[in-house]
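Subject: Handing over the structure

Dear colleague,

Please find the structure we spoke about just below, and keep it open while you read the notes that come after it.

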Amino acid sequence: MKIQPGSGGFGPEDGPVPGEDQPLDRDDLALLADLVDVYNAVDPMPEILPDVILFALEAHDVDAELARLVDSELELVGAGGTRAVEHARSVTFSSDHLTVMLAVHPNVDGTVRLDGWAAPGGNLRAEIRTGETTLDTLCDADGRFVFDEVPTGAAQLTLHPTEDSDPEIRVPVVTPAVHL
Amino acid sequence: MINIDVPSPQPAGGKEQTEAAVNIPEQRAGSSDRRRQDAGDLVVRAGAAFEAYRNGVPGAIDTLVRLVSPLLWHTARQCGLSPTEAEDTVQQTFLMLVRRGESIADPLAVVRWLTVTLRRQAWRDRSQSASRAAEEPTEQDLPRAPSAEHAAVLTDEQRRLWAHVNELSERCRRLLAVIAFAPRPDYAALAADLQMPVGSIGPTRGRCLAKLRSRLEAEEWS
């Protein structure tokens, strides 16, 4: 059977959907419930995700510009120091005005070093918030910044404009929370 | 600049208040269909938690995030997002809720608001991503064949079900997954996602379920 592509623009105001109100019978519902169990088994949500989200909401500045995660080698699954990581992992964020890259290097003491680069990030103030502490540092003229010892766990980076930073960046740019 | 802080617990009675406010209204008794009850339950519990959050009840946002995140995660995955993209999109969706949630008139609509916001976000991401622009989700984007790792966590019965699901068309698989997870799917958004007329979702759902059931039954008889 051929299904025609939708032309879009449908809305609730277009009237009831045929079959929408047709109740699923008990067998249907049981089957769908089984399907939910299977999806939860083969493609589970990372258990830590709600904690990371709550961490992000904890001190959310509603006026800040939101950056999005565009590329990440960090994994929520199996995170939390269950496995030693030998190499640096990188993560990239992007917002309307800024692109930020972070390289995460494990330190021997269990903390991580973050090498960051923001563009156009010259002279921005970088702030990293973790569960334990908030650290901040100034970006150099090229937008590079380093945090030598950051505790692992949920972390969120904010880049604040300063008098010497790019005037296009008027409000802080906040990245999503990630699990280091 | 306004900072929204999750309210810290009040010295007296905070805990009881949280539990009372987030507590669910009595379950409607007498329903024999487990799934629908669960689905309705999620909407009602999330609505109660959202209302409590708006009233400044400590811990209410925790309840809401923990309740709805799994639904949003699976919805994002069914939109064709990678696990990393799904994580980010679910987080963004809750940030949107904190920023714009005051526009939700009826707290009971919060689950729908969240799933619609997530879908729009997923769509925008897909259309902005040059490498994936205008692509249908590929086979790789969707969880499919049970790997050795997956097989270990599935019971025999689940493995059979999963195998039959994977023999269905991609449209059927996605439709069933969405219906299974979304208690009240947004039919217009779903139609756009699946590139099918909104009017054919109901009948297609019926056909996909019938096909799946007949395969399962055929196996039982063979």
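What follows is an account of what was found, starting with how far the model can be read.

This is a predicted model, in which local features need pLDDT of at least 70 and side-chain atom pairs count only at pLDDT 80 or more, while totals for chains, interfaces and linings use all residues. Residues are numbered from 1 along each chain as its sequence is written, and chains are lettered from A and ligands numbered from 1 in the order in which they are written.

**Confidence in chain A**

The term pLDDT stands for the predictor's confidence in each residue, on a scale from 0 to 100. For chain A its mean is 82, and 79% of the residues reach 70 or more. Please read two stretches of this chain with care: over residues 1-21 the pLDDT stays under 50, and the model has 33 contacts beyond four places in sequence for them, where a contact is counted if the C-beta atoms of two residues, placed from the backbone, lie within 7 Å. The other stretch is residues 77-85 of chain A, where pLDDT also stays under 50 and the model has seven such contacts beyond four places in sequence.

**The two chains in outline**

Chain B, in turn, has 10 helices and one strand, and its order from the N terminus is β-α-α-α-α-α-α-α-α-α-α.

A residue is called buried if 20 or more other C-beta atoms lie within 10 Å of its own, exposed if 12 or fewer do, and partly exposed in between, with C-beta atoms placed from the backbone. Buried residues make up 34% of the 180 residues in chain A and 39% of the 222 residues in chain B. Among the contacts in chain B between residues at least 6 apart in sequence, 65% join residues at least 24 apart.

**Helices of chain A, and where they meet chain B**

Helix 2 of chain A (residues 49-58) is mostly covered, since nine of its 10 residues are buried, among them A:Leu49, A:Val52 and A:Phe55. These buried residues pack against strand 1 (59-61), strand 10 (154-160) and strand 12 (178-179) of chain A, together with helix 3 (60-78) and helix 4 (83-100) of chain B.

Helix 1 of chain A (residues 26-42) packs with helix 7 of chain B (residues 156-165) at an angle of about 95°, and their axes are 10 Å apart; axes are lines fitted to C-alpha atoms, for helices over the stretch in contact, and angles run from 0 to 180 degrees between N-to-C directions. Helix 1 of chain A is therefore roughly perpendicular to helix 7 of chain B, a label that covers 65 to 115 degrees, whereas angles under 35 count as roughly parallel, over 145 as roughly antiparallel, and the rest as oblique. The residues that make the contact include A:Leu35 and A:Val38 on helix 1 of chain A, and B:Leu161 and B:Trp162 on helix 7 of chain B.

A:Asn40 also lies in helix 1 of chain A, and it counts as partly exposed because it has 15 C-beta neighbours inside 10 Å.

**A crossing within chain B**

Helix 8 (residues 170-181) and helix 10 (residues 201-221) of chain B have axes that come within 10 Å and cross at roughly 100°, so helix 8 of chain B and helix 10 of chain B are roughly perpendicular to each other. Among the residues in this contact are B:Leu175 of helix 8 and B:Cys208 of helix 10 of chain B.

**The strands of chain A**

Two strands pair if DSSP finds at least two bridges between them. In chain A, five strands form an open sheet in the order 3-4-5-6-9, with antiparallel pairing. Strand 3 (68-72) and strand 9 (144-150) of chain A stand at the edges with a single partner strand each, so one side of each is left without a neighbour in the sheet. Strand 6 (residues 112-119) of chain A pairs with strand 9 of chain A over five bridges in the antiparallel sense, and A:Asp115 stands opposite A:Val146 in strand 9.

Strand 7 (residues 125-130) and strand 8 (residues 134-138) of chain A run antiparallel and are joined by five bridges, and a hairpin of three residues links strand 7 of chain A to strand 8 of chain A.

With best wishes

Definitions and conventions:
Helices (H or I, at least four residues) and strands (E, at least two) are DSSP runs, numbered from the N terminus.
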